[in-house]
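These notes are meant for a colleague who is opening this entry for the first time. Please keep the sequence and the model side by side while reading the points.

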Amino acid sequence: MAEQAYRCPGCGRTFSVPAERVPVGGARGRCVGCGCRLTIFPDGTARPAESGPEDNSPPVSSAAASPGMDPSTPLSAEEPAVPATAEQVLHDEVPPPPAPESPLPETTWELRSQNPESQILLRPYTLPEIRQLVLEDRLTEDDLARIQGGDWQPLRAYPALMAAFASKRELEKQRHGDEERCANHPQSAPRWKCPKCQDYLCRECVINRPLIEGGAPHYICKRCESSLTTLASARGLKKIAGFLKGKRR
């Protein structure tokens, strides 16, 4: 059963909810840590719900989470700390799906870059806008974000935002290759990396241009003509590891 992680914007308490229990329109409940009423969404966001007269009711658990427990029993602060489950954090208040003609407004975020020279503006951002900023290398995992009204947290604290960094790493691998695959010849293992264009290169992608005529080989990138960094081969790394292991003996 796949679960989605959430963080309460009020107190920072983390909890997980079975993904199939959260409809597209979101699920509402109360955090047992601070009593804040929350609306959670399938993309991993949790934001404060609109206040109402029922906000003074205590957090409750579902009988499905603790067989034999009265669902109206408050979860007291004296209970032993245990990992939060879906039923311990949210009670079952699932609203009907929104009508197509009146969809729920998209969750908005605020960003704060740790780079003093950043051009990130202090304004609301949608999730697609944040993903685009990540792909453009304008945000890092150490930069801060919050759902409007919540607490500032590093981007790495939000699963919905970390998915953008995973997509970025995959795109970079397809574009530049990696230590096992040449950027231009996927069937070949690379021997060099270009520090300028970041491509991993095999012998077909480089030019031997000695620094002096008749001198030692000096390989440069065919694309940008920059000097290359030689990669340590897997065999060479194994030899080094074996040597160091023998020295320890």
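The numbered points below go from the chain as a whole to its rings, its helix contact and some loop residues.

1. Basis of the note. This is a predicted model, in which local features need pLDDT of at least 70 and side-chain atom pairs count only at pLDDT 80 or more, while totals for chains, interfaces and linings use all residues. Residues are numbered from 1 along each chain as its sequence is written, and side-chain values use heavy atoms, with hydrogens and water left out.

2. The chain as a whole. The chain holds 4 helices and 13 strands, where helices (H or I, at least four residues) and strands (E, at least two) are DSSP runs numbered from the N terminus. Of its 249 residues, 35% are buried; buried means under 20% relative accessible area, exposed means over 50%, and partly exposed lies in between, with a 1.4 Å probe and protein chains only. Among contacts (heavy atoms within 4.5 Å) between residues at least 6 apart in sequence, 42% join residues at least 24 apart.

3. Aromatic pairs. A search of the whole structure gives 3 aromatic pairs, the rule being that rings of Phe, Tyr and Trp (its six-membered ring) pair if their centres lie within 6.5 Å, with planes under 30 degrees apart counted as stacked, over 60 as edge-to-face and the rest as tilted. One of them joins Tyr6 and Phe15, a stacked pair with 5.7 Å from centre to centre and 20° between the planes. Both Tyr6 and Phe15 are buried.

4. The pair of Trp192 and Tyr219. Why is the pair of Trp192 and Tyr219 called tilted? The ring centres of Trp192 and Tyr219 are 4.8 Å apart and their planes stand at 45°, so the pair is tilted. Because Trp192 lies in strand β9 (residues 192–193) and Tyr219 in strand β12 (residues 219–221), the pair ties together parts that are 27 residues apart in sequence. Trp192 counts as buried, at 4% relative accessibility.

5. Charges over rings. Arg112 lies over the face of Trp152, at 4.1 Å from the ring centre, and Arg123 lies over the face of Tyr125, at 4.0 Å from the ring centre. A charge sits over a ring if NZ of Lys or CZ of Arg is within 6 Å of the ring centre and within 35 degrees of the ring normal.

6. Helix α2 against helix α3. The axes of helix α2 (residues 127–135) and helix α3 (residues 159–176) come within 9 Å and cross at roughly 35°; axes are lines fitted to C-alpha atoms, for helices over the stretch in contact, and angles run from 0 to 180 degrees between N-to-C directions. Residues making the contact include Leu127, Ile130 and Val134 of α2 and Leu161, Phe165 and Leu171 of α3. The residues of this contact divide into 9 nonpolar, no polar and 2 charged, where Ala, Val, Leu, Ile, Met, Phe, Trp, Tyr, Cys and Pro count as nonpolar, Asp, Glu, Lys and Arg as charged, and the others, Gly among them, as polar.

7. Positive phi in loops. Asp137 has a positive phi of about 60° although it is not a glycine, and Asp137 is found in the loop between α2 and β7 (144–147), where it is exposed with a relative accessible area of 53%. Glu225 likewise has a positive phi of about 60° without being a glycine; it sits in the loop between β12 and β13 (229–230) and is partly exposed, at 48%.

8. The loop between β3 and β4. Cys36 lies in the loop between β3 (27–30) and β4 (37–40). Leaving aside neighbours within four places in sequence, Cys36 is in contact with Cys8, Gly29, Arg30, Cys31 and Pro48. Gly33 is also found in the loop between β3 and β4 and is partly exposed, with a relative accessible area of 46%. Not counting residues up to four places away in sequence, Gly33 touches Cys11 and Arg13.
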